[in-house]
Amino acid sequence: MPDTATMEKMAERLAEAKGEKKEFSGSEILLLSLLKEGVECVFGYPGGAVLPIYDSLYSGSLRHVLARHEQGAIHAADGYARATGRAGVVIATSGPGATNLVTGIANAQMDSIPLVCITGNVAQSLIGTDAFQEADIMGITMPITKHSYFVSDVNDIPRVVKEAFHIATTGRPGPVLIDIPKDVSNAKAPFHYPETVSIRGYQPHCDPHPIQVQRLHQAVREAKKPVILAGGGVVTAGAEEELIAFAEQARIPVTTTLMGLGGFSGEHPLWLGMPGMHGTYAANHALLECDLLIGIGARFDDRVTMGRLDKFATGAKIVHIDIDPAEIGKNVDTFIPIVGDVRKVLQAANRGVPCSQSEEWLQQTAEWKKRYPLKFQDSEESVKPQWVIRHLYETTHGKAIVTTDVGQHQMWVAQYFQFAKPRSFISSGGLGAMGFGFPSALGAQLARPDETVICVTGDGGFQMTNQELAVAALMNIPVKTVIINNRCLGMVRQWQEVFYQERYSEVDLTASPDYVKLAEAYGVKGFRAKTKEEVVQVWKEAMSHPGPVVLDIWVTPEENVYPMVAPGSGLDEMIMGDEKQ
Amino acid sequence: MRHIISVLVNDQPRVLARVANLLGRRNFNIESISVGESEEPGLSRMVIVTNGDERMMEQVSKQLHKLVDVIKVQDLSEHPSVARELLLVKVEAGPSVRHEISGIVEPFRASVVDVGPHSMMVQATGERSKLDALLELLRPYGIKEMARTGVTALSRSVARAGV
């Protein structure tokens with residue numbers, strides 16, 4: 001959301017740059033390059049090695065969100081990226097500033113989120129001397145970045161920024177690191193921003209091979225029990241309409257992975273729910289019994305297949321559509337590989353896609369959905385977490401962006417909030433990083449100010465990054481934070497109950513702060529609810545309050561996430577949760 | 001199965017780290033890596049010797065391709081190719097056995113490149129198996145030090161394929 005003043009300043013600056021042979025400092029060139037890339041908002045935290053960059057920011061030409069911890073900054077940038085599809089930008093200083101980004105970078109890499117991470121470093125004369133606040137952030141992050149740059153010459157900054165944004169946002173997106181030593185941000189050079197980008201070793205495949213699309217058509221025509229496994233790639237590619245058209249024309253039911261939630265509407269009759277460890281009966285049994293499995297932008301990870309490939313879709317031909325050729329054949333053997341941008345592949349596939357022979361199969365999957373719906377034992381005396389999520393869903397009519405932390409509440413949101421739109425569910429999928437929910441909600445809300453943004457978090461995860469309440473208060477970011485407070489680390493507790501004979505080791509969080517007072521200490525409105533009536537009441541108040549709100553909702557601590565497939569078991573060995581009764 | 005992968009990479013700082021890091025992280029084993037200039041300025045050729053089944057080799061190649069600094073990946077085991085290694089070995093050799101050692105070295109087309117009062121240095125190039133065989137013969141004399149470069153390789157010209 002660039003206001004006019006920003007744009008004017010930017011134009012002024014660029015005009016200046018074009019004019020006489022004026023020279024700029026490296027940090028000014030960096031900011032001009034970011035503006036050229038259309039960046040409207042950066043998240044960060046200053047420090048010694050980025051003093052020149054922050055000095056350039058002082059002109060106010062770029063909106064900067066001052067987080068209270070670099071991890072908060074990068075998760076916020078990540079939430080911004082997930083909510084928009086554009087690159088999130090984060091700035092941190094050398095040493096500890098940079099190392100505090102590591103979790104956020106790994107998180108973005110695992111979930112293929114476009115980030116440009118700018119770190120300062122000590123001057124090149126000091127590099128390698130273990131100087132104060134020196135860390136080899138490029139070496140540290142090499143396995144968790146899509147690419148990285150160390151800028152040793154001020155003249156390289158525009159090209160590096162251009163390439164970084166190109167690499168971060170195209171193909172399979174991911175985080176790119178730009179490490180700039182202090183002497184380079186201080187050095188002077190003229191500013192010339194490249195119009196085009198050409199990287200010899202980076203040419204993402206986009207268009208599918210026509211023969212592979214024909215083979216897909218043939219497979220669909222022959223299939224009696226087809227199923228689509230749609231992943232985060234559908235969301236990334238913006239292929240939701242193409243996917244609906246494909247599924248409807250070919251008459252194929254769809255299951256969406258955690259990352260794929262919202263990529264296919266949870267309200268569509270062909271939707272089977274989420275598959276895998278905490279997936280629905282219908283989704284898991286469709287994967288077990290199908291004769292054609294079409295994976296679309298999904299990577300067949302172990303939370304979906306349970307790592308038991310001997311039990312996964314054993315009677316099925318597998319079609320795998322992915323923009324990353326390395327995903328194809330990595331986890332499952334593929335009958336028809338189709339490399340390409342998911343949207344382009346589906347567009348090609350939708351031209352002349354035949355109908356499958358799925359009539360009986362659709363009756364079967366509908367029967368499973370009906371007979372084995374998600375369920376929990378509701379209670380009138382206490383608040384069940386699943387009920388809370390369903391209440392949020394019903395009262396917002398699903399029209400909200402929901403971010404989560406990691407654990408039980410994350411799975412309940414995935415199960416009970418039927419996401420109808422892409423980019424409405426924002427969660428740390430691959431890395432499973434606690435602490436992600438709250439800052440990512442701030443980023444998402446800044447990116448989409450007109451939407452309702454709800455952060456559903458746990459009392460564990462919230463305490464990992466709750467210092468960002470300061471940002472919410474200061475900038476009046478109206479995120480509604482719902483703490484599903486069970487006074488323990490619920491998912492770990494659940495595993496200890498089921499697999500470790502109820503030996504509850506270090507999961508008790510009863511000595512936690514009073515979250516209402518904590519919120520108030522930051523100047524944020526806080527409410528507590530311990531009964532259903534109170535939940536209904538405080539949620540109403542939260543939604544009518546124009547600013548940020550923290551709701552501390554006390555739920556029953558012994559609630560477990562079901563269905564569940566134990567690690568090492570196949571999808572056919574689902575624990576439905578009602579076996580005891 | 002043993003594979004020789006030839007990788008054309010940008011001659012950039014850290015490019016070896018990127019490749020080695022990737023192979024390590026993905027749990028691919030490395031028997032040897034050698035790096036040097038290539039025919040094109042700005043590009044280096046890395047020759048990686050690794051072991052794995054077909055699935056693993058496909059992954060190695062695809063994952064390497066994802067590195068921005070990697071330009072081309074070729075599995076030389078799929079084509080006729082020439083693979084060579086250089087061996088330097090310092091063998092214990094008093095005056096009485098020097099002749100004997102020279103006799104061993106000769107059929108391997110290796111050469112003695114340095115002689116000291118109690119040792120000789122032998123230089124040999126060739127396929128790995130040949131160097132292994134030479135080492136076996138030299139071992140009884142006592143190997144004081146040795147260094148091997150790892151394999152480097154190029155594919156043969158098409159016209160000479162099968163020769």
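Predicted model: local features only at pLDDT ≥ 70, side-chain atom pairs only at ≥ 80, totals over all residues.

Modeller: Across the interface of chain A and chain B, 10 residue pairs are in polar contact, both residues being at pLDDT 80 or more. A polar contact is a pair of N or O atoms within 3.5 Å; within protein, one must be able to donate a hydrogen and the other to accept it, and residues adjacent in sequence count only if both atoms are side-chain atoms. On the side of chain A that touches chain B, the elements that give two or more residues are α7 (137–141) and β6 (147–150) of chain A. Helices (H or I, at least four residues) and strands (E, at least two) are DSSP runs, numbered from the N terminus. That side of chain A comprises 10 nonpolar, six polar and seven charged residues. Here Ala, Val, Leu, Ile, Met, Phe, Trp, Tyr, Cys and Pro count as nonpolar, Asp, Glu, Lys and Arg as charged, and the others, Gly among them, as polar.

Residues are numbered from 1 along each chain as its sequence is written, chains are lettered from A and ligands numbered from 1 in the order in which they are written, and side-chain values use heavy atoms, with hydrogens and water left out. The model scores ipTM 0.92 and pTM 0.96, and chain B averages a pLDDT of 94.

In contact, meaning heavy atoms within 4.5 Å, are 23 residues of chain A and 20 residues of chain B. The rule also finds four salt bridges across this interface, each a side-chain nitrogen of Lys or Arg within 4 Å of a carboxyl oxygen of Asp or Glu. A:Arg200 forms a salt bridge with B:Glu40, with the closest N and O atoms 2.7 Å apart.

Note on methods: pLDDT = per-residue confidence, 0-100.
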